[in-house]
Amino acid sequence: MKFIHEFHRNGNIVNDSNKTFAALIPKCSHPESMRDFRPISLVGSMYKILAKVLANHLKVVMNYVIGDYHMAFVKDIQILEIFVIAKEIIHLWMNDKVRGLLVRLDFEKAYDYMDHSFLDYIMENTGFDIK
(Lines give C-alpha, C1' and ligand atoms only; values in the text may rest on other atoms or scores of the structure.)
Protein backbone atom coordinates (compact mmCIF):
# COMPACT_ATOMS: atom_id res chain seq x y z
CA MET A 1 0.00 0.00 0.00
CA LYS A 2 2.94 2.35 0.62
CA PHE A 3 3.78 2.14 -3.08
CA ILE A 4 0.26 3.23 -4.11
CA HIS A 5 0.11 6.01 -1.51
CA GLU A 6 3.48 7.31 -2.77
CA PHE A 7 2.13 7.34 -6.32
CA HIS A 8 -1.04 9.25 -5.33
CA ARG A 9 0.84 11.69 -3.12
CA ASN A 10 3.73 12.56 -5.47
CA GLY A 11 2.84 11.04 -8.83
CA ASN A 12 6.08 9.05 -8.77
CA ILE A 13 6.51 5.43 -9.69
CA VAL A 14 9.35 3.57 -8.02
CA ASN A 15 11.93 2.74 -10.71
CA ASP A 16 12.00 -1.01 -10.09
CA SER A 17 8.22 -1.38 -10.35
CA ASN A 18 8.15 -1.07 -14.14
CA LYS A 19 10.87 -3.57 -14.98
CA THR A 20 9.92 -6.36 -17.35
CA PHE A 21 11.84 -9.56 -17.73
CA ALA A 22 11.60 -11.65 -20.88
CA ALA A 23 11.84 -15.40 -20.64
CA LEU A 24 11.79 -18.09 -23.30
CA ILE A 25 9.62 -21.11 -22.53
CA PRO A 26 10.42 -24.22 -24.58
CA LYS A 27 7.52 -25.56 -26.67
CA CYS A 28 9.02 -29.04 -26.94
CA SER A 29 11.29 -31.24 -24.86
CA HIS A 30 14.42 -30.68 -26.99
CA PRO A 31 14.35 -27.16 -28.50
CA GLU A 32 16.86 -26.59 -31.29
CA SER A 33 15.93 -23.19 -32.74
CA MET A 34 14.22 -19.98 -31.64
CA ARG A 35 10.97 -21.25 -33.17
CA ASP A 36 10.93 -23.94 -30.49
CA PHE A 37 10.50 -21.30 -27.77
CA ARG A 38 7.55 -19.18 -26.67
CA PRO A 39 8.51 -15.72 -25.37
CA ILE A 40 6.78 -14.54 -22.22
CA SER A 41 7.18 -11.25 -20.39
CA LEU A 42 7.19 -11.07 -16.63
CA VAL A 43 6.05 -7.65 -15.43
CA GLY A 44 6.61 -6.57 -11.85
CA SER A 45 3.55 -7.20 -9.70
CA MET A 46 3.58 -3.75 -8.06
CA TYR A 47 3.23 -2.13 -11.47
CA LYS A 48 0.34 -4.47 -12.32
CA ILE A 49 -1.43 -3.58 -9.09
CA LEU A 50 -1.05 0.15 -9.73
CA ALA A 51 -2.28 -0.25 -13.31
CA LYS A 52 -5.32 -2.18 -12.07
CA VAL A 53 -6.14 0.50 -9.46
CA LEU A 54 -5.91 3.26 -12.09
CA ALA A 55 -7.96 1.25 -14.59
CA ASN A 56 -10.69 0.72 -11.98
CA HIS A 57 -10.77 4.47 -11.26
CA LEU A 58 -11.07 5.25 -14.97
CA LYS A 59 -13.75 2.60 -15.47
CA VAL A 60 -16.11 4.50 -13.17
CA VAL A 61 -16.00 7.72 -15.21
CA MET A 62 -15.17 6.44 -18.71
CA ASN A 63 -18.76 6.66 -20.02
CA TYR A 64 -18.97 10.31 -18.90
CA VAL A 65 -15.60 11.32 -20.35
CA ILE A 66 -16.05 9.75 -23.80
CA GLY A 67 -18.61 11.42 -26.05
CA ASP A 68 -21.73 9.71 -27.39
CA TYR A 69 -20.28 9.64 -30.90
CA HIS A 70 -17.26 7.55 -29.87
CA MET A 71 -17.56 3.79 -29.90
CA ALA A 72 -14.30 2.48 -28.47
CA PHE A 73 -13.59 1.97 -24.77
CA VAL A 74 -17.24 2.33 -23.75
CA LYS A 75 -18.81 -0.29 -21.49
CA ASP A 76 -21.17 -2.70 -23.26
CA ILE A 77 -19.99 -1.57 -26.71
CA GLN A 78 -18.14 -4.15 -28.76
CA ILE A 79 -15.52 -2.80 -31.15
CA LEU A 80 -16.97 -4.95 -33.95
CA GLU A 81 -20.26 -3.02 -33.71
CA ILE A 82 -18.52 -0.13 -35.45
CA PHE A 83 -18.07 -2.21 -38.60
CA VAL A 84 -21.70 -3.34 -38.55
CA ILE A 85 -22.86 0.28 -38.25
CA ALA A 86 -20.55 1.34 -41.11
CA LYS A 87 -21.93 -1.44 -43.32
CA GLU A 88 -25.51 -0.41 -42.52
CA ILE A 89 -24.75 3.22 -43.39
CA ILE A 90 -23.22 2.21 -46.74
CA HIS A 91 -26.22 0.00 -47.47
CA LEU A 92 -28.58 2.89 -46.64
CA TRP A 93 -26.63 5.25 -48.90
CA MET A 94 -26.73 2.79 -51.80
CA ASN A 95 -30.47 2.11 -51.46
CA ASP A 96 -31.44 5.77 -51.09
CA LYS A 97 -28.90 6.95 -53.69
CA VAL A 98 -27.39 9.27 -51.08
CA ARG A 99 -23.85 10.51 -51.49
CA GLY A 100 -21.56 10.20 -48.53
CA LEU A 101 -17.97 10.08 -47.47
CA LEU A 102 -16.18 7.41 -45.47
CA VAL A 103 -12.82 8.09 -43.90
CA ARG A 104 -10.59 5.27 -42.75
CA LEU A 105 -7.98 6.27 -40.22
CA ASP A 106 -4.91 4.22 -39.45
CA PHE A 107 -4.37 4.26 -35.70
CA GLU A 108 -1.12 2.31 -35.80
CA LYS A 109 1.22 3.72 -33.19
CA ALA A 110 -1.32 6.41 -32.32
CA TYR A 111 0.13 6.84 -28.84
CA ASP A 112 3.58 7.56 -30.31
CA TYR A 113 2.16 10.74 -31.85
CA MET A 114 -0.12 11.78 -29.02
CA ASP A 115 0.26 15.31 -27.73
CA HIS A 116 0.69 14.64 -24.02
CA SER A 117 0.09 18.27 -23.07
CA PHE A 118 -3.33 18.01 -24.75
CA LEU A 119 -4.02 14.77 -22.87
CA ASP A 120 -3.09 16.50 -19.59
CA TYR A 121 -5.43 19.38 -20.49
CA ILE A 122 -8.32 16.99 -21.19
CA MET A 123 -7.71 14.99 -18.01
CA GLU A 124 -7.63 18.14 -15.86
CA ASN A 125 -10.82 19.50 -17.42
CA THR A 126 -12.64 16.23 -16.77
CA GLY A 127 -11.80 16.35 -13.08
CA PHE A 128 -8.59 14.32 -12.87
CA ASP A 129 -5.62 15.51 -10.86
CA ILE A 130 -2.61 16.42 -13.01
CA LYS A 131 -0.56 13.69 -11.32
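Four acidic residues gather on the surface: Asp115, Asp120, Glu124 and Asp129 form a patch of negative charge. The model is predicted. One member, Asp129, sits in the segment after helix H4, which covers residues 116-125. Asp129 has a relative accessibility of 55%, so it counts as exposed, the cut-off being over 50%.

**The chain as a whole**

The protein chain has four helices and two strands. Read from the N terminus, the elements run α-β-β-α-α-α. The chain holds 131 residues, and 5% of them count as buried.

Another surface patch is nonpolar. Phe21, Ile25, Ile40 and Leu42 make it, and its area is about 370 Å². Two elements each give two or more residues to this nonpolar patch: strand S1 (20-26) and strand S2.

Strand S2 spans residues 37-43 and includes Ile40. Leu42 also has its place in strand S2. Is Ile40 buried, partly exposed or exposed? Ile40 counts as partly exposed because its relative accessibility is 39%, between the limits of 20% and 50%. Leu42 is partly exposed too, with a relative accessible area of 44%.

How far apart are the C-alpha atoms of Ile40 and Ile25? They are separated by 7.2 Å, while the two residues stand 15 residues apart along the chain.

**Helix H3 and the residue after it**

Helix H3 runs over residues 81-96, which makes 16 residues. From its first C-alpha to its last, H3 reaches 22 Å. That is close to the 22 Å expected at 1.5 Å a residue.

Which residue follows H3? Lys97 does, and its phi is positive, near 55°. Lys97 has this positive phi although it is not a glycine. Its place is the loop between H3 and H4. Lys97 counts as exposed, because its relative accessibility of 74% is over the 50% cut-off.

**Accessibility side by side**

The table gathers the residues discussed above.

| Residue | Relative accessibility | Class |
|---|---|---|
| Ile40 | 39% | partly exposed |
| Leu42 | 44% | partly exposed |
| Asp129 | 55% | exposed |
| Lys97 | 74% | exposed |

Ile40 and Leu42 belong to the nonpolar patch. Asp129 belongs to the patch of negative charge. Lys97 lies in the loop between H3 and H4.

Note on methods. Residues numbered from 1 in each chain as written. Predicted model: local features only at pLDDT ≥ 70, side-chain atom pairs only at ≥ 80, totals over all residues. Heavy atoms only, no water. Patch = residues over 30% accessible without salt bridge, like charges linked within 9 Å, V, L, I, M, F, W, Y side chains within 5 Å. Areas by Shrake-Rupley, 256 points an atom, 1.4 Å probe, with all protein chains shown as cover. Salt bridge = Lys/Arg side-chain N within 4 Å of Asp/Glu carboxyl O. Lys, Arg positive; Asp, Glu negative; His and termini not counted. Charge placed at Lys NZ, Arg CZ, Asp CG, Glu CD. Buried < 20%, exposed > 50% of the residue type's maximum accessible area, 1.4 Å probe, protein only. Expected span 1.5 Å × (residues − 1).
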